[in-house]
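I am opening a notebook on this chain and will write down what I looked up, one topic at a time. The overall build comes before the details.

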Amino acid sequence: MRLEQLEYFIEAINCNSINKAAKNLYISQPTLSLSIAKMEEEIGAKLLYRTKRGVVPTIIGNMVYNDALKIISTTNALLEDWKKTVLFNQEIDGDVLLYAIPSASVFISNFVMQELKELLPNTGIFIHEGHLHESLQNLIDSDLNIGLGSYKIPLKKDFMRSIPDGWIVEELFQDQLSVLISPKNPISKKDVITKEDCAKLPLAYYWSLKDKQPPSYLNLFDTSSVVRSNTKNSIMELVAENVAVAVFPKKITQHDFFQKNNLITSILFDDSLNMPNIMHYVAYKNDLTPAEKKVVDIIHYCADTYYD
């Protein structure tokens, strides 16, 4: 039995739904059902009852669920210790400059910089917040060697073809686009946001002079009162004040100050809108300094620890 099977089983019980769990895990419903069926076959007992209200663990299933939680927790703690031991192998000096799209700056400031202080106390990190569109090309055109960006998963082939020689792009984790909205807005109480909901909401979105076209989802919203800004914080403030809503990836922004303090909440789009999933990535030149190489290692460590 694999750890992945235990994680799938835990998610199914937490969601009380095979369908919803599969969506959260970015796998198909048949794949999840097959994984649980194999667990039942290996253990020799039924683990779930399927009812009209969702899936419910059997007595044995509940025992497996509780033990699985302990196994995953222990494994993750050990893995974190091992990774830190590998990372913390020598003292490295030097400053590192990072290019990051607005949503990725939360990931860097909340996690990467904290780990950097502990693991590489003599290394400084400086963030250049770039604009969202054509993030890879903007990084390549800059004088920076490392950057964090994202691409729409349906466009992966086109994105991979755009990577020039001398650059390496590595995936970090998948994400879903969501609507950031003030808790003051009645729509914030909904589980998902529909096309009809979007049409009632003014949108604030990130924009710079280099951006040639607005985001593809702009026409879903109330276009009579669109707000454009070149800083993420100003957009978040507009959302918190219930002046507008914004669209950002859900996972990577969930630790933002405004969300942690319940000034903003996040709602996923309804499936009928077919919003594409997002892949976050780290891109870097293949001739990094020792300090830069360590920062890339820490970025991967933080992505695996806090988001995967």
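**Overall build**

I counted twelve helices and twelve strands in the chain, where helices (H or I, at least four residues) and strands (E, at least two) are DSSP runs numbered from the N terminus. The radius of gyration, taken over C-alpha atoms, is 21 Å, close to the 19 Å that the globule rule gives for 308 residues, so the chain is as compact as a globular protein of that length; the rule itself is 2.2 Å times the number of residues to the power 0.38. I noted that this is a predicted model, in which local features need pLDDT of at least 70 and side-chain atom pairs count only at pLDDT 80 or more, while totals for chains, interfaces and linings use all residues. Residues are numbered from 1 along each chain as its sequence is written, and side-chain values use heavy atoms, with hydrogens and water left out.

Along its principal axes, the C-alpha trace spans about 60 × 55 × 40 Å. Of the 308 residues, 46% count as buried, meaning under 20% relative accessible area, with exposed meaning over 50% and partly exposed lying in between (1.4 Å probe, protein chains only). I also looked up contacts (heavy atoms within 4.5 Å), and among those with a separation of 6 or more, residues 24 or more positions apart account for 74%.

**Helix 9**

Which residues of helix 9 are buried? In this helix, residues 232-240, I found Lys232, Ile235, Met236, Val239 and Ala240 to be buried. Seen down the helix axis, these buried residues fall within an arc of 135°, so they line one face of helix 9; the arc is that of the directions from the helix axis to the C-beta atoms. I recalled that an α-helix has 3.6 residues a turn, so residues three or four places apart point the same way. After helix 9 comes Asn242, whose phi is positive, near 65°.

**Other positive phi values**

Most residues other than glycine have a negative phi. Tyr26 has a positive phi, near 60°, and sits in the loop between helix 2 (18-25) and helix 3 (29-43); at 24% relative accessibility, Tyr26 is partly exposed. Asn274 likewise has a positive phi, near 55°, and belongs to the loop between strand 11 (265-269) and strand 12 (277-285), where Asn274 is exposed with a relative accessible area of 62%.

**Salt bridges**

Lys23 is partly exposed, at 40% relative accessibility.

Another salt bridge brings together the side chains of Glu241 and Lys184 (4.0 Å, N to O). This pair links distant parts of the chain, 57 residues apart, with Glu241 in the loop between helix 9 and strand 10 (246-249) and Lys184 in the loop between strand 6 (167-181) and strand 7 (192-193). Both Glu241 and Lys184 are exposed.
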